[in-house]
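Hi everyone, thanks for making time. Let me put the chain up on the screen, and then I'll talk you through it.

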Amino acid sequence: MLKLYGGQRSRASIVQWYLEELGVPYEFVLLDMQAGEHRQPEFLALNPIGKVPTIVDGNFKLWESGAILLYLAEKHGQLPNSLEEKSLFSQWVFFANSTLSTGLFVESAREREGDKILTALNKIFATKPYLIGDIFTVADVAVGAILCYVPLMLQLDLTPYPAVLDYIKRMNERPAFQKTIGQRSA
């Protein structure tokens, strides 16, 4: 069975959300980050950087939430076959982990980039319910999780972006989201 290692409030919840969406059985191993369990030799053998999330799937070890999401999508038949279409999924996962999270959660970047990013996303969500079109995908897990953290962690007014707010609401209403990230935010 796949093992997912994570901390109390970590990006492991994003991977956990996707595992629930896929219906993949997994064991969640909660590390006590305050006690330094992620810096112990046993965990460093899985991830030499000592960060979470990390998965172990059989003999395969992988870390970094975006890489894990794409691995799970590929393994469970949730990615298209063409290189071009797969690259669109990668684009959104990388965007979430880099441009979006930095652009919203790093104050200096938010001042420069936040409105531009949110305006662009608002235009996208005004024309389609999900990033890739009419179907919820791994791209929505990556981007949706970061956007759903905004109301929980930042005093950021999203009312100028009504389509983004509608998207956040759709993500929050998903049963797998409620079972994972939603539980932590309650």
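I'll start with the fold and then turn to the largest pocket.

This is a predicted model, where local features need pLDDT of at least 70, side-chain atom pairs count only at pLDDT 80 or more, and totals for chains, interfaces and linings use all residues. Residues are numbered from 1 along each chain as its sequence is written, and side-chain values use heavy atoms, with hydrogens and water left out.

The chain has 8 helices and 4 strands, taken as DSSP runs (H or I, at least four residues, for helices; E, at least two, for strands) numbered from the N terminus. From that end the order reads β-α-β-α-β-β-α-α-α-α-α-α. Strands β1 (residues 2–6) and β2 (residues 26–30) run parallel, joined by 5 bridges; Y5 has V29 in β2 as its bridge partner.

Now, how much space lies in the largest pocket? About 480 Å³. Here a pocket is an open set of points on a 1 Å grid over the protein atoms alone, where a 1.4 Å probe fits, with protein on both sides within 12 Å along at least five of seven lines; lining residues have an atom within 4 Å of a point. The volume is the space filled by probe spheres set on the points, which are joined across faces, edges and corners.

Of the 20 lining residues, R9, S10, R11, Y149 and M153 are closest to the centre. Helix α6 gives the largest share, 4 residues, while α4 (83–105), α6 (138–153) and α8 (175–185) each supply at least two. That's my tour, thanks!

Methods. Two strands pair if DSSP finds at least two bridges between them.
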